[in-house]
Amino acid sequence: MKKIFWNMFLGIAITSGAMAQERYWTMDDCMRYAVENSPKVKQKQHLNDSYKVAHRSAVASFFPSIGASVGGQFSFGRSIDPKTNTYNNISTFNNSYGISASLPLFDGGQLINNQKMTRIRRLYGMQEEQRAKDDVALAVMEAFINTVYYRGTVKLAADKLNESRRTLHKTRRMEELGMKGKADVAQFEAQVAADDYNLTRQQNLYASAFLKLRENMNYCGADSLRIDTAVYVSATLSSPESVSDIYAYASTHNPVALSAEYQSKAARYEYRMAKGAMFPRLSFEAGVSTNYFKNLSSGETVSFGKQFFDNNRGEYLAMVLRIPLFDGLGRYSEARRARNNMRMANEQREEIMRQLQTAVEQAVLDRDGFAKETVQMEKKVEADEISYHLTLRKYEEGLMSPLDLQTAANTLIEARANLLQKRLSYLLKSRLVAYYKGEGIIGKFEE
């Protein structure tokens, strides 16, 4: 196995004293904070809780429904006397009580399919919550990498500016000694101005990248956020991996794939529920009712206990069959809509799986490509450093022009920036591949 010793730490050096006094946020710290404070994740958590409540309600619908009723009525004028069953001008008080229960026996499979659908929705909600966490972590990881990169380019630009100033100072001294002309001094003055502009530009790009990082983290108080730019890069070149094996695992474990699968299953159960609504419904019902009557016009009345428990109490048992005949094509239209939703969910699942396969393959290709590019770029940086120092020495000896020295310096700083970019890109893609392999995002490569 080929080894690439990238045992280095990227970014700006941080002194041990500052590290002891202040907290510096690593990439994993930023991702954890973003996941814990993301409004999108919290919205998914609330939605997931709603799915749990819906599932509990669907399970409870298998139990009998029980209800009770209590009523009271005063009647004045002509009303029916319950003793004689004739109309009289009397005042009465009627108090009724009832309790009933209903148990569904057959409803075309709506209850069982609703329970299955809500269970799938609950699993779907859990995967959507995890998917939201992963999306937030990936966005923060990319923003953090960009911030570290521009922090590095700021340091490279500052080093380049300092080097140009030193060369300008030497050129002015050589002019005083008659070894260089004013044209050489003017050339390096222009180079110092260009390097100063480039430093300002890189600082602005770093500020924008840092702002994007805080935005993705949902972090307020920019003054207290200090990131640790020491990013460890693996020293081992990743061995060739089977894209099909990674995709096979991701297709059964990745939240994106599981969400699409659960969405398809939920749509299928919803379609079965819609079809079941067109079948007859059979239920068993039972109840007990009683009432108390009092004639207010005369003092004669049977006692409450006698009426409530003996005279007026009644029970009933019933089997109720409800057959849907015509409802303006409402049930048929709902079943047709549910069938179309099921078909669209299936097509969407297939599309998502194709996109996931492409994403896995692209991530592996990018990771391996950046690893190989880093090897070549390291060699180029070494060669450009040698070329720059030789050109600088020849310039001081009068064998090279300022333009040759500037060209060598620009080539070197461009190579160093490219090397930094390739290393960070390799780190980003390595974590992405690890994510598809189920190793998680936060905590990977953490030292």
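A polar contact is a pair of N or O atoms within 3.5 Å; within protein, one of the two must be able to donate a hydrogen and the other to accept it, and residues adjacent in sequence count only if both atoms are side-chain atoms. At the start of α3, a side-chain oxygen of Ser 38 reaches to within 3.3 Å of the backbone nitrogen of Lys 40. The model is predicted, and local features need pLDDT of at least 70, side-chain atom pairs count only at pLDDT 80 or more, and totals for chains, interfaces and linings use all residues. Residues are numbered from 1 along each chain as its sequence is written, and side-chain values use heavy atoms, with hydrogens and water left out.

**The chain as a whole**

- The secondary structure comes to 10 helices and 8 strands, where helices (H or I, at least four residues) and strands (E, at least two) are DSSP runs numbered from the N terminus.
- Of the 447 residues, 38% count as buried, a word that stands for under 20% relative accessible area, while exposed stands for over 50% and partly exposed for what lies in between (1.4 Å probe, protein chains only).
- Among contacts (heavy atoms within 4.5 Å) with a separation of 6 or more, 83% are accounted for by residues 24 or more positions apart.

**The nonpolar cores**

- A nonpolar core is a set of buried Ala, Val, Leu, Ile, Met, Phe, Trp, Tyr and Cys residues joined through side-chain atoms within 4.5 Å, and in the largest one, which has 61 residues, Val 140, Met 217 and Tyr 436 touch the most other members.
- The elements that give two or more residues to this core are α2 (27-37), α4 (110-176), α5 (182-217), α6 (243-253), α9 (330-396) and α10 (402-436), and α4 gives the most, with 16 residues.
- Apart from this core lies another, of 9 residues, among them Tyr 124, Leu 258, Tyr 262 and Tyr 269.
- Leaving aside its neighbours within four places in sequence, Met 217 is in contact with Trp 25, Cys 30, Tyr 33, Ala 34, Val 140 and Leu 225.

**Helices α2 and α3**

- In α2, the buried residues include Met 27, Cys 30, Ala 34 and Val 35, together with Asp 28 and Asp 29, and the cover over the buried residues of this helix includes α3, α4, α5 and α10.
- The buried residues of α3 are Val 41, Asn 48, Tyr 51, His 55 and Ala 58; seen down the helix axis, they fall within an arc of 90 degrees, so they line one face of α3, the arc being that of the directions from the helix axis to the C-beta atoms.
- These buried residues of α3 pack against α2 and α4, whereas Gln 43, His 46 and Arg 56, on the other side of the helix, are exposed.

**Individual residues**

- Asn 218, in the loop between α5 and β6 (231-232), has a positive phi of about 60 degrees although it is not a glycine, and it counts as partly exposed at 36% relative accessibility.
- Leu 329, in the loop between β8 (314-322) and α9, has a positive phi of about 65 degrees although it is not a glycine, and it is exposed, with a relative accessible area of 51%.
- Gly 440 has its place in the segment after α10, and its C-alpha atom is separated by 8.6 Å from that of Asp 134, 306 residues apart along the chain.
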